[in-house]
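This briefing concerns a ligand site and the salt bridges of one protein model. Please consult the sequence and the structure shown below.

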Amino acid sequence: MKLYDLFTKPGKKIAVLVDPDKPTDEQIIQIAKRSQESGVDFFFVGGSLLTNDNLDSCIKLLKIHAKIPVILFPGNTNQLSNKADGFLFLSLISGRNAEMLIGRHVIAAPYLKLSGLEILPTGYMLIDSGKPTSVSYMSNTVPIPNDKFDIAICTAMAGEMLGMKLIFLEGGSGAERSVSDEMIKMVHGSINIPLIVGGGIRTPERAAQCARAGADVIVIGNALEKEPGLLSQFADAVHGVI
Ligand code: 1GP
């Protein structure tokens with residue numbers, strides 16, 4: 001089965017974000033085991049910066065201890081590993097920085113072609129979440145204001161028309177406010193491809209609300225780094241939304 005089919009199959013999904021820079025090996029093993037027990041759908045692996053050389057070993061540990069697809073969620077062109085299963089090929093369509101729209105992609109393309117990874121072309125949309133985030137700073141782009149639904153809708157539609165297979169609404173890691181239900185609902189209603197939502201989702205209740213508003217995949221990072229024990233509650237909350 002292709003990875004993309006897992007995104008389009010019925011039902012809400014949960015992705016656990018693992019930043020290879022942060023956890024110890026023991027913590028990665030725990031994340032893998034808990035995720036397996038909780039029925040997590042995807043691991044997204046990546047971060048804004050990699051200050052060590054842990055990417056390959058992190059993926060290897062996740063794969064040894066869980067049978068869950070590992071998808072690279074790269075903060076940069078150096079975050080490539082053929083140990084993963086797939087690659088979110090992110091084009092930052094909310095911004096107007098040519099490097100993030102196509103420049104880095106040209107550099108990465110030959111490596112990706114050789115990697116054997118399943119490439120998932122993704123329209124990545126940064127939504128203003130109350131304060132500057134690592135993504136807005138590192139990408140040198142301005143997020144879409146959180147009340148500009150028309151801009152968000154048209155951006156997502158353009159991404160789909162350009163052939164992107166996924167749209168990712170991103171509040172930014174540790175966002176003060178996650179993307180609003182109204183924004184999720186509007187964007188979901190304007191596209192026919194799966195919608196990923198992440199950034200600042202701190203509770204299982206909030207994760208379920210995002211899923212009910214129309215998100216197909218909910219991404220959780222920081223909240224699980226702080227309280228790994230919440231994982232099964234997050235997974236149940238998301239999977240429980242019809
Ligand atoms: C960040 O969407 C992810 O890219 C997850 O954000 O760490 O705030 O859950 P959090």
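A polar contact is a pair of N or O atoms within 3.5 Å; within protein, one must be able to donate a hydrogen and the other to accept it, and residues adjacent in sequence count only if both atoms are side-chain atoms. The model is predicted: local features need pLDDT of at least 70, side-chain atom pairs count only at pLDDT 80 or more, and totals for chains, interfaces and linings use all residues. Residues are numbered from 1 along each chain as its sequence is written, and side-chain values use heavy atoms, with hydrogens and water left out.

**Ligand contacts**
- A polar side-chain atom of serine 173 is 3.1 Å from a ligand oxygen atom.
- For glycine 174, a backbone N or O atom lies 2.7 Å from an oxygen atom of the ligand.
- A polar backbone atom of glycine 199 is 3.0 Å from a ligand oxygen atom.

**Surroundings**
- Residues around the ligand (a heavy atom within 4 Å) include Leu17, Phe73, Glu170 and Asn222.

**Salt bridges**
- There are four salt bridges, each a side-chain nitrogen of Lys or Arg within 4 Å of a carboxyl oxygen of Asp or Glu.
- One of them joins lysine 22 and glutamate 225 at 3.3 Å, N to O.
- Lysine 22 lies in the loop between β1 (13-18) and α2 (25-38) and glutamate 225 in helix α9 (222-226), so the pair ties together parts 203 residues apart in sequence; helices (H or I, at least four residues) and strands (E, at least two) are DSSP runs, numbered from the N terminus.
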